Amino acid sequence: MDNAITARLANEKIPKLLYHYAVPAVIGTLVNALYNIVDRIYIGQGVGAMALSGLALTFPILLFLQAFGMLVGAGSSARISIHLGKREVDKAENVLGNALMLTLILTSFSVIVSLSFLKELLIWFGGSEQTIPYAMDYLYITIPGNLLATFSFGYNAIMRASGYPRKAMVTMLIGAILNVVLDPIFIFGFGMGIRGAAIATVISMAASALFVLNHFLQKDSIVRFHRKYFKLKLPIVLAIVSIGMSPFAMQLAGSMVNILMINALKTHGGDYAVGANGIITSFALLLMMFILGLSQGMQPIVGFNYGAGNMDRVMKTLRLVILIATAVTGIGFIGSWFFPHLIVRAFTNDPLMLSISSNALRLSLMAFLVVGSQVVIAQFFQSIGMAWISMVQSISRQCLFLIPALLILPDYFGLDGVWLASPVSDVIAALTAWLFLFFQIKKIKRN
């Protein structure tokens with residue numbers, strides 16, 4: 001690993017180091033969120049409320065597809081950071097090569113499965129005659145393009161973990177700027193509606209994917225592609241999967257929860273409630289991407305110093321990131337509670353959608369303050385190679401807490417009960433995360 005990068009990770013003051021790694025990561029992840037948010041704004045304002053509801057139907061399938069990218073991207077980036085912290089560049093490149101082949105295999109599988117049962121899945125998710133055509137128009141284009149998205153987002157994380165945070169940011173900026181420019185051209189200029197948004201998204205992801213993959217072919221990259229490492233090796237695959245399983249499981253759980261959520265919304269509120277959920281998801285996604293970027297900026301610092309045995313720097317980084325994340329989610333809570341109409345109006349001017357979405361936003365994010373620390377703590381355990389703890393935290397929020405809340409609360413509070421399921425599960429998940437962290441800190445101090 002480059003001596004300057006090594007020295008910086010090992011010795012530079014934590015706030016300055018976190019700024020160096022987190023700012024590009026935050027910009028990159030916020031830009032990533034713009035892919036979805038820009039599509040929803042243009043579709044909601046230019047195509048209509050039912051198109052917005054149709055787009056919300058695509059969430060479970062998109063989460064399913066993203067899960068396989070996160071399995072490889074998150075797992076390999078964490079392993080590469082730890083190997084580089086131990087000065088094991090050859091092992092890091094071995095992980096990189098195996099990650100490429102694993103991505104091709106898993107993404108191809110997920111795309112074939114999704115396309116084969118697309119209409120049946122959308123009906124199962126709670127789609128109606130009004131919303132399913134919009135969802136199919138969007139997915140028939142974006143599902144085959146998922147390989148490009150996987151390379152763009154997954155290898156962006158590896159680029160950042162190997163010491164190139166600013167270049168990783170540029171990767172995401174390329175795609176996002178293209179998407180913002182192309183969306184109105186295809187949606188309005190060519191009159192293609194929701195299909196135009198899908199085409200713009202795929203073109204943008206292709207540009208990002210080409211940029212990030214080219215980085216690992218350059219001689220000045222710390223880790224590079226080598227043909228000899230493209231052959232899958234079971235120990236390396238297991239090493240990647242063991243860490244990547246946490247975000248993978250979280251994404252799959254998120255997909256299942258979305259299915260339950262959409263069906264509950266359809267039962268208690270109809271297609272407009274489904275569309276309102278898409279608006280809430282967009283706003284929450286913007287803030288969550290900030291937290292995720294912050295956590296990704298933390299990952300190489302924590303991974304390197306944990307591998308090098310510098311526990312004091314590990315804990316200083318964790319404390320600072322939790323503080324910043326909590327401030328961000330606090331701002332999100334204030335915005336959703338006091339200014340919900342202002343936020344919702346960015347997506348739609350439909351009076352009924354405005355009314356339902358504003359109430360939903362206020363109720364769904366009423367415990368958002370605690371979400372930041374829970375996400376950071378889960379990422380912390382992933383960064384130090386303790387994937388099973390990270391996975392337990394991720395799965396418990398989605399499956400152990402949110403699903404029961406979705407099944408119980410609507411029986412007592414109707415549509416409001418669906419919205420209240422999220423804050424109830426958020427509070428319990430945050431308490432669980434802090435409990436795990438408390439015992440881990442005690443163990444670190446003891447050792």
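Colleague: Quick one: is the crossing of H9 and H10 left-handed or right-handed?
Modeller: The H9/H10 crossing is right-handed, meaning the near helix is turned clockwise from the far one by less than a right angle. Bear in mind that this is a predicted model, where local features need pLDDT of at least 70, side-chain atom pairs need 80 or more, and totals for chains, interfaces and linings use all residues. Numbering starts from 1 along each chain as its sequence is written, and side-chain values use heavy atoms, without hydrogens or water.

Colleague: At what angle do the axes of H9 and H10 cross?
Modeller: Roughly 160 degrees, with the axes of H9 (residues 165-189) and H10 (residues 193-215) coming within 8 Å. Axes are lines fitted to C-alpha atoms over the stretch in contact, with angles from 0 to 180 degrees between N-to-C directions. Helices are DSSP runs (H or I, at least four residues) numbered from the N terminus.

Colleague: So how do H9 and H10 run relative to each other?
Modeller: They are roughly antiparallel, a label for angles over 145 degrees.

Colleague: And which kinds of residue make up the contact of H9 with H10?
Modeller: That contact has 13 nonpolar residues, nine polar and two charged. Nonpolar is Ala, Val, Leu, Ile, Met, Phe, Trp, Tyr, Cys and Pro; charged is Asp, Glu, Lys and Arg; the others, Gly among them, are polar.

Colleague: Moving on to H4 and H5. How do their axes cross?
Modeller: At roughly 175 degrees, coming within 9 Å. H4 and H5 are therefore roughly antiparallel to each other. Their contact divides into 17 nonpolar, five polar and two charged residues.

Colleague: What about phi of arginine 87?
Modeller: Phi there is near 65 degrees, a positive value in a residue other than glycine. Most residues other than glycine have a negative phi. As for location, arginine 87 sits in the loop between H4 and H5.

Colleague: New topic: how many aromatic pairs does the count come to?
Modeller: The count is 14, for Phe, Tyr and Trp (six-membered ring) with centres within 6.5 Å. One of them joins tyrosine 42 and phenylalanine 188, 6.0 Å centre to centre with 70 degrees between the planes. That pair is edge-to-face, the class for planes over 60 degrees apart.

Colleague: Which helices hold tyrosine 42 and phenylalanine 188?
Modeller: Tyrosine 42 is in H2 (residues 14-46) and phenylalanine 188 in H9, so the pair ties together parts 146 residues apart in sequence.

Terms used. Helices (H or I, at least four residues) and strands (E, at least two) are DSSP runs, numbered from the N terminus. Angles under 35 degrees count as roughly parallel, over 145 as roughly antiparallel, 65 to 115 as roughly perpendicular and the rest as oblique. Rings of Phe, Tyr and Trp (its six-membered ring) pair if their centres lie within 6.5 Å; planes under 30 degrees apart count as stacked, over 60 as edge-to-face and the rest as tilted.
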